[in-house]
Amino acid sequence: MTATVIDGKAFAAKVRGQVADGVAKLKEAHGITPGLAVVLVGEDPASQVYVRSKGKMTVEVGMASFEHRLDADTPEADLLAVIERLNADPAVHGILVQLPLPAHLDSDQVINSIDPAKDVDGFHISNVGLLGTGQKSMVPCTPLGCLMMLRDYHGSLSGMTAVVIGRSNIVGKPMAQLLLGDSCTVTIAHSRTKDLAAVVRQADIVVAAVGRAQMVTGDWIKPGATVIDVGINRIDNPDGGTRLVGDADYESCAAVAGAITPVPGGVGPMTIACLLANTLTACCRANGLPEPEGLTA
Ligand code: NDP
């Protein structure tokens, strides 16, 4: 079998198009422009690239983009004061604090100071609780992107067996909650899971969110299963240079799976698309307007 490639780049472009349509309608019918504020503390090069790219795409879909760059040694009280101002600013509907934060800052304290209604990353403890109890929440962007791709490919996920490898708060746990919400039978695997290959082999849906290059191989995959590869790992090429690979060994998994997301060009592009979708959703909720269809869990 040769797997269908789930093209996250194309799907993300479609989602951004839907968001842009929603933004245009909001402006036209209500004179409202959704706004996303991104706060970056320090000069981590990867974070700077993410923030630039988020700002560019925010503007491309017609939203207002606000960037707050703070020095690496910014005291926590100063960062909290910036967030407090953004919480109170009616032009800001979404707030994202770029992680990781410098070590002297308490990430939990900082994230939990964001107004949950503006927490477009879905990391605030209130949103975590709402998602866990099946209530309307802001949903973390990467798992939301994975869910959208799975729904688009399969239609209903009801009754499917899903294995999520990884139990982080930003990917693994919310992913499992979302799959449960769509009536999958869900197993969460992690570094202590015994005979991981046998566990994964049960799955109709495998979500790999581990951070270990090409760990999941084709002999772990049930024939016809769908593999969603969240991992982003940089490895050396045999003939020099480096390249990005996922947590799944693409060649061997694609030979057995029914469908698979590539790396790059799979889950990655969906993450920013879902950040924009969440900002539009937050803006609609803040103004008591109907939420955009198909862009939330
Ligand atoms: P974390 O490091 O926070 O979590 C990794 C998880 O993998 C942990 O739960 C860990 O288990 C588990 N794990 C580690 N080794 C093994 C193993 N040998 N067998 C089984 N499980 C194992 O990572 P994140 O969740 O933040 O990210 C995961 C990957 O996804 C990374 O490559 C990251 O770069 C990528 N990522 C991609 C995004 C995108 O936009 N595409 C967004 C976010 C992340 P334990 O808890 O027991 O330690």
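Where does Pro-174 lie? Pro-174 sits in helix 7. Helices (H or I, at least four residues) and strands (E, at least two) are DSSP runs, numbered from the N terminus. This is a predicted model: local features need pLDDT of at least 70, side-chain atom pairs count only at pLDDT 80 or more, and totals for chains, interfaces and linings use all residues. Residues are numbered from 1 along each chain as its sequence is written, and side-chain values use heavy atoms, with hydrogens and water left out.

**Domains**

- The protein chain is divided into domain 1 (31-115) and domain 2 (141-269). Domain bounds come from an automatic or database domain assignment.
- The C-alpha centres of domain 1 and domain 2 are 29 Å apart.

**Helix 7 and Pro-174**

- Helix 7 spans residues 172-181. Its buried residues are Gly-172, Pro-174, Met-175, Ala-176, Leu-178 and Leu-179. Buried means under 20% relative accessible area, exposed over 50%, and partly exposed in between (1.4 Å probe, protein chains only).
- These buried residues pack against helix 5 (125-132), helix 6 (141-154), strand 5 (161-165), strand 6 (185-189) and strand 7 (205-208).
- Pro-174 has a relative accessible area of 6%, so it is buried.
- Pro-174 touches Leu-131, Pro-140, Pro-143, Ser-168 and Asn-169, not counting residues up to four places away in sequence. Contact means heavy atoms within 4.5 Å.
- Lys-25 is 149 residues from Pro-174 along the chain, and their C-alpha atoms are separated by 30 Å.

**The nonpolar cores**

- A nonpolar core is a set of buried Ala, Val, Leu, Ile, Met, Phe, Trp, Tyr and Cys residues joined through side-chain atoms within 4.5 Å.
- The largest nonpolar core has 56 residues, and Val-19 and Leu-179 touch the most other members.
- Several elements give two or more residues to this core, including helix 1 (8-30), strand 2 (35-41), helix 2 (45-60) and helix 10 (267-286). Helix 10 gives the most, with twelve residues.
- Domain 1 and domain 2 both give residues to this core, so it lies between them.
- Leu-179 touches Leu-150, Leu-157, Ala-162, Val-164, Cys-184, Val-186 and Val-207, again not counting residues up to four places away in sequence.
- A second, separate core has 20 residues, among them Leu-196, Ala-225, Ala-254 and Ile-260.
- In soluble globular proteins, nonpolar side chains tend to be buried together.

**The ligand**

- The ligand is surrounded by 22 residues. The closest are Arg-167, Ser-168, Ser-191, Arg-212 and Thr-271.
- Ser-168 has a polar side-chain atom 2.5 Å from an oxygen atom of the ligand. Arg-212 has a polar side-chain atom 3.0 Å from a nitrogen atom of the ligand.
- A polar backbone atom of Ile-232 lies 3.1 Å from an oxygen atom of the ligand.
- On its own, the ligand has 930 Å² of accessible area, and the protein covers 70% of that. Accessible areas come from the Shrake-Rupley method with a 1.4 Å probe; for residues, only the protein chains shown count as cover.

- Asn-127 is in helix 5. Asn-127 counts as buried because its relative accessibility is 3%.
- A polar side-chain atom of Asn-127 lies 3.1 Å from the backbone nitrogen of Met-138.
- Val-61 lies in the loop between helix 2 and strand 3 (64-70). Val-61 counts as buried because its relative accessibility is 6%.
- Leaving aside neighbours within four places in sequence, Val-61 is in contact with Arg-16, Val-19, Ala-20, Val-23 and Leu-276.
- Val-61 and Leu-276 are 215 residues apart along the chain, and their C-alpha atoms are separated by 8.2 Å.

**Backbone details**

- The peptide bond from Leu-99 to Pro-100 is cis, with omega near 0 degrees. Pro-100 lies in the loop between strand 4 (94-97) and helix 4 (107-111).
- Val-263 and Pro-264 are also joined by a cis peptide bond, with omega about -5 degrees.
- Ser-183 is partly exposed, with a relative accessible area of 41%.
- Gln-214 is not a glycine, yet has a positive phi of about 55 degrees. Gln-214 is partly exposed, with a relative accessible area of 27%.

Note on methods:
Near = heavy atom within 4 Å. Polar contact = N/O pair within 3.5 Å; in protein donor to acceptor, adjacent residues only side chain to side chain.
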